[in-house]
Amino acid sequence: MKGISRRSFLQGAGIALASTAALGTLVGCSQGGEAAPEATEGVAYDPAEVLDFDVVVVGSGSAGVAAAVQAAELGANTLLLEKQSKVGGNGALTEGMFAIGSKLQAEANIGTDIAFRDIIDAEQSFFNYRINNLLWKDMVEASGENIDWMISHGVKFSGVVDNYHGLGKFDAFHWFLDGKGSNYIEPMVESAQNLGATVMTSTPALDLIIEDGVVKGLYAQKEDGSILQVNATAVILASGGYANNAEIMAERGYDLTYSNDHGLPGHDGDGLRMAISAGAHDVSRERCFLREPFSFGIDFFATMTQTIHRGGPVLWVNQDGVRYVSEDAGSFAPGCNSNAVHSQEASYLVMSKDIIDEFEARTAYGQLQADMDVAVEQCPGDNIYKADTIEELAELQGLDPVQLKATVDRYNELCDKGEDDDYAKSAANMVPLKTGPFYIFRQDLAFWTSIGGIDTNRNMEVITAKGAVVPGLFAAGTDGCNLYRETYTMSVPASCNANNCNSGRIAARNAVALLG
């Protein structure tokens, strides 16, 4: 939270479902650097030290540690680089992992009848068949064995398998012990080291070494500021995406002034930058984020935030005071809420005493109005206001009062009719705004991670726009996740984290195969 201190009422977990689900998908660590790609060949470095490895993995998040363990297990001399002083990246924040066909499922007798056809049926139509089903097939069919493999390397699961708070369509979410990603990261790092891998923290990768179009290693910066040259047969990029890089995010239309970053720092897009420098196809603008709406300065996990920003019986208007979408947008996937919000220059949710009463009846959250009044008092980013009339509310937020009043009047007519002729919102959520006080909250965006950016084939080899392989270069985890397009659906709970492990293993196997 930026700008203000948290008030006690804003610290409650409340009904934080979709928000907590986000943590079950995260991955990655970080490698700092500039946003703009720059050709590596010809970059002058004066290394103070030169090391030789078979495989170097950039990033110690969920994908990176899987890649390091797999490569070392196959006998490769492996180096795992981490920019931060601690391993894990966003992987330390994860709560569990998707899988079907695992021993844990069999022991719990839960979800044992789920098949790949069920999984892909939930995904391919949602993405208009623009996703590569073969990547899904590889991940899903390996997912059960991946869980068993992780357990063999000391990863601790609780034994609970469910559908993640009802957000997923399948009982396939395998909880880590205590819901902590550290029970995945720490055993995996220990196993990698026991297998002979070298782990270096506080050592960000800088640039790839490319000779005649072939990746031959990379340059990194050690903690003392000196340059390290790492010669390697293969480089695996698993740096965790670019959601912390303000320049890259601005290029994609995001103003981070009033955003909230729930991931760990350092996910600066270095994997993407380095891959582009080697000729990779940049597909980041066609891929998604893990993000949700909230209001700047108010704890995202507060009961109030988790109640009103889920959509439903509220009114959403844009910068012109015009309603622009069904507020049920997130009923299929929480990420659809943020898609809708980002479709406008600005988005606001409008509420009345009628809607507050509805929420309190549905959730037994009797403190909602009191908590909203405290948020109004704080108004941390000129973003939360209360008024006795809609016109006054509009003026406080800087909207056109005539237009906002007309929008509310139209919405109330539809509510009285019991049918949303404009955007087909469910009748159950058509609650009119007739009784003051009235409230308006600007809807900002909270981010966890970017998901996808570097194009790869099924071997996790980095490819060009024409599908040619960039020799010696691989991408795993959120750096190279190509399971989704513009939305992370959560229909398959923690499929992103399952892909982290699986893509790391696949990348490592194919990297080791280059050794001959």
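Select Leu473. Setting aside residues up to four places away in sequence, Leu473 touches Leu208, Val215, Val235, Leu237, Ala275, Ala278, Met460, Glu461 and Val462; contact means heavy atoms within 4.5 Å. This is a predicted model: local features need pLDDT of at least 70, side-chain atom pairs count only at pLDDT 80 or more, and totals for chains, interfaces and linings use all residues. Numbering runs from 1 along each chain as its sequence is written, and side-chain values use heavy atoms, with hydrogens and water left out.

With Leu473, they have the most contacts inside the largest nonpolar core, which has 79 residues. Such a core is a set of buried Ala, Val, Leu, Ile, Met, Phe, Trp, Tyr and Cys residues joined through side-chain atoms within 4.5 Å. Buried means under 20% relative accessible area, exposed over 50%, partly exposed in between (1.4 Å probe, protein chains only). A second, separate core has 74 residues, including Leu80, Ile131, Trp448 and Ile451.

Next, select helix H10, residues 335-342. Helices (H or I, at least four residues) and strands (E, at least two) are DSSP runs, numbered from the N terminus. Six of the eight H10 residues are buried, so the helix is largely enclosed by the rest of the structure. The buried ones are Gly335, Cys336, Asn337, Ser338, Ala340 and Val341. Show strands S11 (288-294), S12 (315-318), S13 (347-352) and S16 (444-451): the buried residues of H10 pack against them.

Move to H11 (353-363) and H12 (368-378). They pack at about 130°, axes 9 Å apart. Axes are lines fitted to C-alpha atoms, for helices over the stretch in contact, and angles run from 0 to 180 degrees between N-to-C directions. The pair is therefore oblique; angles under 35 degrees count as roughly parallel, over 145 as roughly antiparallel, 65 to 115 as roughly perpendicular and the rest as oblique. Lys353, Ile356, Phe359 and Glu360 of H11 meet Leu368, Gln369 and Met372 of H12.

Now pick Thr78, in strand S2 (78-81). Thr78 is buried, at 0% relative accessible area. A polar atom of its side chain lies 3.0 Å from the backbone oxygen of Ala76.

Finish at Thr489, in the loop between strand S18 (469-475) and helix H15 (495-513). Thr489 is buried, at 1%. Its side chain makes a 3.0 Å polar contact with that of Glu123. A polar contact is a pair of N or O atoms within 3.5 Å; within protein, one must be able to donate a hydrogen and the other to accept it, and residues adjacent in sequence count only if both atoms are side-chain atoms.
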